[in-house]
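Trainee: I have a model open and want to learn how to read it. Where do we begin?

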Amino acid sequence: IMKKIITIIAATMAVLCLSTSASAHKRCGEEWKEKMKSEKIAFLTTEIGLTPEEAQVLWPVYNQIEKEKDDAMRKVINSYKELSKAMEEEKPEKEISTLLDKYIAAQAEINAIENSIAERYKAVLPVEKVAKLYVSEERFRRNHIRRLHGGGERPGQPAHPGPRQ
């Protein structure tokens, strides 16, 4: 029943988002993002079995990492757009080379963040809970994708690596 309620609420929010002005679109997108963030935190807290003390130290680290990843992804997207535009406009090789270097550096920044995450989590959580965090994040992502495609969650089915389940 709860899943149906969440699906109905999500569908209602989506309809409202589509039927409003551009500024409302941004606001609705921000509300949607906050809703997903809250759902994710609740899901992860439960799945990992965080104590209140662990939650108190994990979430500031987690939020900082998410901000760093968002900022780095924004750099990748922007540098990609610049590189793509320069190529379409047949800019000089030197300019394209500079933009390509900028794009590669942005990708490297994401990789550096990803490579540091586990150690940062291990500094505040036991390794078992860090592993549960990774598995639970993937499970949340897959359940969310399924929900968006109208399939709902499949409780009890473990998320496993690979292109499809």
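Mentor: Start with one residue. Leaving aside neighbours within four places in sequence, which residues is His144 in contact with?

Trainee: How do I read a contact?

Mentor: Contact means heavy atoms within 4.5 Å. By that rule, His144 is in contact with Trp32 and Met36. His144 is found in helix 5. Helices are DSSP runs (H or I, at least four residues), numbered from the N terminus.

Trainee: Why is His144 called buried?

Mentor: Buried means under 20% relative accessible area, with a 1.4 Å probe and protein chains only; exposed is over 50%, and partly exposed lies in between. His144 counts as buried because its relative accessible area is 16%. Helix 5 has other buried residues, including Val130, Leu133 and Phe140.

Trainee: How far can I trust this?

Mentor: This is a predicted model: local features need pLDDT of at least 70, side-chain atom pairs count only at pLDDT 80 or more, and totals for chains, interfaces and linings use all residues. Residues are numbered from 1 along each chain as its sequence is written, and side-chain values use heavy atoms, leaving out hydrogens and water. The pLDDT is the predictor's confidence in each residue, from 0 to 100. The protein averages 83, and 75% of the residues score at least 70. Confidence is lowest in helix 1 (residues 2-18), at a mean of 52. It is highest in helix 4 (residues 93-122), at 96.

Trainee: How do I check the length of helix 4?

Mentor: The expected span is 1.5 Å times one less than the number of residues. Helix 4 has 30 residues and reaches 45 Å from first C-alpha to last, close to the expected 44 Å.

Trainee: Where is the kink in helix 4 centred?

Mentor: A bend is the angle between axes fitted to the seven residues ending at a residue and the seven starting there. The kink in helix 4 is about 35 degrees and is centred on Ser116.

Trainee: Which helices do the buried residues of helix 4 pack against?

Mentor: First, the general idea. An α-helix has 3.6 residues a turn, so residues three or four places apart point the same way. In helix 4, the buried residues include Ala106, Ile110, Ile113 and Ile117. The buried residues of helix 4 pack against helix 3 (52-88) and helix 5 (127-148).

Trainee: What follows helix 5?

Mentor: Gly150 does, and its phi is positive, near 80 degrees.

Notes. Helices (H or I, at least four residues) and strands (E, at least two) are DSSP runs, numbered from the N terminus.
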